[in-house]
Amino acid sequence: MTGTSLKAYALTRLALVVPMVWILLTLVFLLMRVAPGNPISAALGGHAAPSVIEAITHRLGYDKPMYVQYGDYLWGVLHGDLGHTITDRRAVSSIIVQNGGATLELTVFASLIALGVGLLVGLLAGRYRDTWLDVGGRLFGIVAYATPVFFLGFLAQLVFGIWLGWLPTSGQDSPLTDAFLRIHTHILIIDAIWDGDPGALGDILKHLILPATTLGIVYAGIFIRLVRVNVIRSLKDDYVEAARARGIRERSVVYHYAFRNALVPVVTVVGLQLALLLGGAILTEETFNWPGIGSTLVTYLADRDYAGVQGIVIVFALVVVIASLVIDFVNAFVDPRIRY
Amino acid sequence: MAVAARVPPRARRRGGPWLRRLWSPVGATQGLARVMLVAGFVTTLFFLVIAIFARWIAPYGYTQYEVHGVRFAELTHPSGAHLFGTTVESDDVLSRVIWGAQTELKVVVLSLVLALAVGVPLGLLSGYFGSVLDRGLVLVMDALFAFPPLLLAIVIAFLLGSTVGSGIFTAAFAITVTYVPQYFRVVRNHVISVREEPYVDAARALGARPLTVIRKYVFFNVVQNVPVIATLNAADAILTLAGLGFLGYGIQPTQGAEWGYDVQRGLSDATNGIWWTGVFPGVAIVVLVTGITLLGEGLNETINPVLRRRRFGRILFDPLGSAEALVEEQSL
Amino acid sequence: MSVLDVRRLRVFYGTPGRPVRAVDDVSLQIGEGEVLGLVGESGSGKSTLGRGILGLLPEGARADGEVLYGGRNLVGLSQKELRRLRGPDLGLVFQEPMTRLNPLLRISDHFRETLKQHEPRLSDDERRRRSLETLGRMGIPPTRFRQYPHEFSGGMRQRIMIALALVLRPKLLVADEPTTSLDVIVEGQILALLADLKRNFDTALLLITHNLGIVAEACDRMAVMYAGKIVEEGPVRDVFADAAHPYTRELLRSTISLETTELHSIPGAPPDLIDPPPGCRFHPRCPHAMRVCAERLPEEQRLEGGRRVQCWLHGPARGIPAGGELPLQRQTIGVADEA
């Protein structure tokens, strides 16, 4: 019974995603064509002769009519071809593979930290409302989120990198590790474990601590506030009162009723916050010279490489959409009411 | 999100009773909510004053590197003439922080106004009239919503920068695009639920024209939500602007001081142990955003009935027979 | 042998100003296996009384007096001790069943949790057997044991709630308007279940309602509440046949049946519980009010047949001063007061 309705929900949900994705792709396409001139002259203008630019424009198809370009573009995306950058002619898909691992590492660990800290502090703050625990927790959450991630990174580098000298402040690993590490998945942690190299693993983790914690703490701020409000709301719910009327221990009531029910909307919010998290990742990568997709994007922006920018932006948007989908499924799994 | 108590609005009179009714929950705040409200308000006001009167408060201009033809020393520690020190280009950090407040104010206010001007009417119309218009707008707004906001802002700022040129307007517009979907969505959802309320139905049954219905009934109810969202958005907008500045988009150094931009410059100074060029602008961001957030949270606690706490008098039972119970006016 | 003995209970709600005197000096007794109906209008304090017995009062409320159960006074017990009594000794069924079950837990989980809490030594099988048995008595088939609350209708959810309360075999069950939010047919079914409690579970029932029809159908005795006080109490048949208190009489006259030709209502409105009228609370609306009624609180009188009443019409004569028995002079209740 549960299985089939979950399946039906999944199909419905997937069907809804398609128009959304199409609109996203179209939006990105339009945005990139807003600038006057063509992408080639923007990227290479001043570095190459006009005739060269014209030749490249023609070869890469930027002089075709707009609707043709649009068609080619959509066709390409459907086949996994996100185009090639103009300045260094890499396939965007290979950029994603090579640099995506770094961003993945960063965001996963940051999310874990954000969720861990956020849930814990939020639960405590909600449960012990109006005590110092609550006040402190909320204040921490507010200040944490108010701190721009790059500033926290700056402070982290200053304190832990320069003044205390405990941790490295840039890059994903030290040059020595980098030279000897064999790349399998481009996710360095996995690669280091694969090779069975504890030294490399340690080095990589040391480099990961500051960026991940910085990003994580800032976003924990959001979770704290959200979890707290939901816990408070849940504790007022009718079924909580009914459970108390049956003499269920307060601790059981709080943990199994209020907390669990408060988490349901939190799961949704994790999906929504992913979008914010990715934005923060871009800033974090810039601050710590982290070689992920974010800093790559910034480079292409600086170089005015529209094709590169377009490709990466599509990836970001698609990641958010897919993540929302996954979150929705998890939600439906957890809460039996949400299955159309 | 805050949900105001839904009351069929009485005829609106300018100021007087209308304003008082809006203000009454604020007067009833107590404890933490009030502290947050006050602290947030004072902080925000402080920065507002600095921002508006920057020209008279700041000791120097934001790109001023000399006075009377004498160049400031580079990278001096905070002291004497330069309370926050100087940058590598001999700019006074204190002045840049003060001028930065003005930049933030300009951009945030502009973007908020634009976002409200676009998002609220669209939300009202879309929610009230429904059908194809609604469906289409929702799809577009949801798509925009799916973008990481900073990413969207960066892209817009980048595009506008290459075409129209950077500046206050570019940065504001980039931020506006990021927030319109949010206002749209909140307003639309609220309109849809209010639309089904009995008193709106009654008005329609009496033959009121759609615009009248919207204006008299829907608008007021919906607008009550906006202050809380607007304050929290202002906080986000500042962070987004700082992010843009950090990456080098939005405001150019010649157009104004921007805190995010300064922190980015401070990054390279940090490796040499020079902290004041980055710390002061960064702290300014933290304090201002915290202040605005406190204001917003304080408002939220006040208006949102789920979170509101009421005061209770203490009850003392008199011995039976006198049929009176004493009470002391004390919060429980 | 009474299961519950309430003596001079007062429950007040805190406000920014003076407290609300929701239950103001109430005494009653419930015998083993007995069904006592507690009747009153909205705002009479009957819900508060029900919850006050279990100690389930909201923030800012305070209780005073005695609620004697098993030789102990429940008023003043710590929440921890009350918790031990709630469930196996005292049960409560709420008014709106739609929101009283945890939407994330199956029905089986609800039962398992309750039984585990209060009878931890039961085996899994025992637990299951008892849950299914109790549910079965309520008309819920075992095939639905593992379903979620949202898969049940309102009436069924209420039956589940009752089963949840009864699976622990409490001595007293307080049902606070259990059928108010349900349609009449379902109401009939639930009432039949409740009326059988004595036979099937040997549980006493305090049935709180504003519906006299329910009281007539299901209760042995009834207590009538007005403005925080019990104005009359006695066996249902006797009270219906010949009500002692004017309020009860007015209530009975206001009920609608197939023979009703015109509507009768009690003029005026229930009083403000923060500042109730002096003397007898009902005197502003009573057709038989005397002068003493506006000055002194009537003393409780015991009538024959195990009945009680609080009304100067039943004396005691020595409590009424000279001239107090004259009819009360008052202005006719204006239209404004009807609001």
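## Reading the interfaces and helices

Modeller: To begin with the pair B and A, 52 residues of chain B are in contact with 52 residues of chain A, contact meaning heavy atoms within 4.5 Å. This is a predicted model, in which local features need pLDDT of at least 70 and side-chain atom pairs count only at pLDDT 80 or more, while totals for chains, interfaces and linings use all residues. Residues are numbered from 1 along each chain as its sequence is written, chains are lettered from A and ligands numbered from 1 in the order in which they are written, and side-chain values use heavy atoms, with hydrogens and water left out.

Colleague: What is the area buried between chain B and chain A, and which atoms give it?

Modeller: The size of an interface is often given as the accessible area lost when the parts come together. Here buried area is the accessible area, with a 1.4 Å probe, that two parts lose on being put together, summed over both. Between chain B and chain A it is about 4600 Å², and carbon and sulfur atoms give 79% of that. B:Phe147, B:Phe158 and B:Leu159 supply 12% of the area that chain B buries against chain A, more than any other three residues.

Colleague: How many salt bridges are there between chain B and chain A, and which elements give residues to that side of chain B?

Modeller: Side chains of opposite charge can pair when their charged atoms come close. The rule for a salt bridge asks for a side-chain nitrogen of Lys or Arg within 4 Å of a carboxyl oxygen of Asp or Glu. Between chain B and chain A the count is two, and B:Glu297 forms a salt bridge with A:Arg138, with the closest N and O atoms 3.3 Å apart. Helices (DSSP runs of H or I, at least four residues, numbered from the N terminus) that give two or more residues to this side of chain B are H2, H5, H6, H10, H11 and H12 of chain B. The largest share, 12 residues, comes from H12(B). By residue class, this side of chain B divides into 35 nonpolar, 12 polar and five charged, where Ala, Val, Leu, Ile, Met, Phe, Trp, Tyr, Cys and Pro count as nonpolar, Asp, Glu, Lys and Arg as charged, and the others, Gly among them, as polar.

Colleague: How many residues of chain A are in contact with chain C, and how many of chain C with chain A?

Modeller: There, 22 residues of chain A are in contact with 27 residues of chain C, and the two chains bury about 2200 Å² between them, 55% of it on carbon and sulfur atoms. The count between chain A and chain C is three salt bridges; C:Arg51 forms one with A:Glu241, the closest N and O atoms being 2.6 Å apart. On the side of chain A that touches chain C, the elements giving two or more residues are helices H11 and H12 of chain A, and H12(A) gives the most, with seven residues. The residues of that side divide into nine nonpolar, four polar and nine charged.
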